[in-house]
Amino acid sequence: MKHFKMMAFVVCAVLAFGFASCKNDDEDEPTYYAVTVTSGTASPASAAAGTTVTITADEASTGKDFDKWTATGVTFADENAATTTFTMPASNVTVTATYKDSTPTYIGTKAPTEAKAVGDIVFSDGSATPYASDLTLTDTQKSKAIAVIFYVGTELNSDSDTTTSRTLGVGLVHNRRLAWCTSSANAYSKNITTIQCPASGSAGALTFTDDKNGSDNLSQIGTFLAANSSTDDTATEANYPAFYFAKNYASKTGSHVSGTDYAGDWYLPTIAELFQIWKSKTTVDAASALCGGWQFGSSYYWSSSQVASLDDFAYSLYFDNGNWSSFDVKRNGNNVCAVRAFN
């Protein structure tokens, strides 16, 4: 009997020790609290008090820029950082990431929608940067530069339109010794009345009338030919080298416009438009040089304007003094540039 009581005592002692051990284990197990993140993630997603929790904003899903973190009862290492940390308190935590509209990044300092001014360098995303003598461009900006604005105003409109403002830029790539048209072109010995832009005045002080907008002059040549007992051959590139240099400007090495919104609508300027380039030549040349482009210097440049009194002649402009020449036979080789509207 005595032996039995001793065994019972031992069993009870063992059980009591086991229960005590289990109780101690439960007391040592930490309590984990949940981390709920709105528009973001947490690592870990639940944690004991005192644990460092890392949170990351989910900007990609919102399409916006991260703004800041907000929560009650915690302090962030940096509430304005898209990824930051905090120390877990002894309670569940709800953290909210707030966002703001994305700030677009442009190549230039002016957004594409901002008005452009003479001397502005235009980039392939439509943004622009005003030229200044101390301006420097990054290599990326140089590789994306497409034009220099040379004109903003109304005087290049048709004579009946005195209110519509035009913003024109000239491409950075020019070409040399191209014919206005070849002697075999049907426009060679034609007085094309619809693309005449008579110049008057002295060198550097010229004024112009009639067709001052050259954006459709190649098509006007074709229409005129078809309406005047001839064949429209303007689709033959070899017949109209100067015009097609501008029309195909996107294909020219260094134009930087291929594949952009500015690949099309380049054209050979009228004599009136060329004169506006000459008026801003100092700025245009300096801005173009900064971008690695051509300068006008003192060369002759073809316009798209027909000379009224001489069938075989078209106007060119002498960039040395801003004077026109009506004595350039259409088959002669002159420099050419391409322009387009930027408004």
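Me: Where does P44 lie?
Reply: P44 lies in the loop between β2 (40–43) and β3 (46–48). Strands here are DSSP runs of E, at least two residues, and helices are runs of H or I, at least four, numbered from the N terminus. Residues are numbered from 1 along each chain as its sequence is written. This is a predicted model: local features need pLDDT of at least 70, side-chain atom pairs count only at pLDDT 80 or more, and totals for chains, interfaces and linings use all residues.

Me: And the peptide bond from S43 to P44, cis or trans?
Reply: Cis, with omega near 0°. Most peptide bonds are trans.

Me: Is R177 buried or exposed?
Reply: Exposed, because its relative accessibility is 66%. The cut-offs are under 20% relative accessible area for buried, over 50% for exposed, and partly exposed in between (1.4 Å probe, protein chains only).

Me: New topic. How many cavities of 30 Å³ or more?
Reply: The structure holds 1. A cavity is a set of points on a 1 Å grid over the protein atoms alone where a 1.4 Å probe fits but cannot get out; lining residues have an atom within 4 Å of a point. Points are joined across faces, edges and corners, and volume is the space filled by probe spheres set on them.

Me: Which elements each supply at least two lining residues of the largest cavity?
Reply: β11 (166–171) and α7 (281–290). Among the lining residues are V170, L172, V284 and W294.

How values were computed: Heavy atoms only, no water. 1 Å grid on protein atoms, 1.4 Å probe; cavity = no way out; pocket = protein on both sides within 12 Å on 5 of 7 lines; lining within 4 Å.
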